[in-house]
Amino acid sequence: MQLLDGLVVITYTMPIFIIALTFGLPLWIRLFVKSVVRENSIEGNYPFVSVLLPTYNEGEHVLETVQSIMACDWPSDKIEVIAIDDCSADDSYEWLKKAEAQFGSNLVKAFKNEVNSGKHKTLSRALEISKGEILICIDSDCIFEPSVIKELVGC
């Protein structure tokens, strides 16, 4: 009879134990184990980074996006922004040209599609133009934190 009671206890407690491990262990790891940003692995060995920026109807916000990219703690000789306007109905392309003038055409390259082609073709065109060893594709309304490029490249 004791053997049967032991099997019943195991039968009913095993699923609870498995569920606790399945959900509890990853949660414990997430809460108590610090993540490691591998910035040390890139010190002195910065790869060239191309930030691909397709734009459509973002207006002045696209200038803020480019400014946040250029404010990152990444060497300016190791970064380029390839910004392509996909025939916006607003003044997005003019703001891209202002960003190009502000930072120089060697750092920010502004282009405009001849016809509206969609995001996937605009990104493909930016990829053809880019020279980077590392590519970062973003939306035109993103704002970068200063350390984001180091964190992305470090991974």
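Author: A residue counts as buried under 20% relative accessible area, as exposed over 50% and as partly exposed in between, with a 1.4 Å probe and protein chains only. This is a predicted model, in which local features need pLDDT of at least 70 and side-chain atom pairs count only at pLDDT 80 or more, while totals for chains, interfaces and linings use all residues. Residues are numbered from 1 along each chain as its sequence is written, and side-chain values use heavy atoms, with hydrogens and water left out.

Reader: How many of the residues of α2 are buried?

Author: Helices (H or I, at least four residues) and strands (E, at least two) are DSSP runs, numbered from the N terminus. Helix α2 is mostly covered, with seven of its 10 residues buried. These are Val 62, Leu 63, Thr 65, Val 66, Ser 68, Ile 69 and Met 70.

Reader: Which elements do the buried residues of α2 pack against?

Author: Contact means heavy atoms within 4.5 Å. The buried residues of α2 pack against β1 (49-55), β2 (79-85), α3, β3 (108-112) and α5. Thr 65, a residue of α2, has a relative accessible area of 0%. Beyond its neighbours within four places in sequence, Thr 65 is in contact with residues including Leu 53, Ile 138 and Asp 139.

Reader: At what angle do α2 and α3 pack?

Author: Axes are lines fitted to C-alpha atoms, for helices over the stretch in contact, and angles run from 0 to 180 degrees between N-to-C directions. Angles under 35 degrees count as roughly parallel, over 145 as roughly antiparallel, 65 to 115 as roughly perpendicular and the rest as oblique. Helix α2 (residues 61-70) and helix α3 (residues 92-103) pack at about 30 degrees, with axes 8 Å apart; the two are therefore roughly parallel.

Reader: Which residues of α2 meet α3?

Author: Val 62, Leu 63, Val 66, Gln 67 and Met 70 do so, and their partners in α3 include Trp 95, Leu 96 and Phe 103.

Reader: Which members of the largest nonpolar core touch the most other members?

Author: A nonpolar core is a set of buried Ala, Val, Leu, Ile, Met, Phe, Trp, Tyr and Cys residues joined through side-chain atoms within 4.5 Å. In soluble globular proteins, nonpolar side chains tend to be buried together. Here the largest core has 25 residues, of which Val 51, Ile 69, Met 70, Phe 144 and Ile 149 touch the most other members. Its largest share, five residues, comes from α2.

Reader: Is Lys 150 buried or exposed?

Author: Lys 150, in helix α5 (residues 148-154), is buried, with a relative accessible area of 11%.
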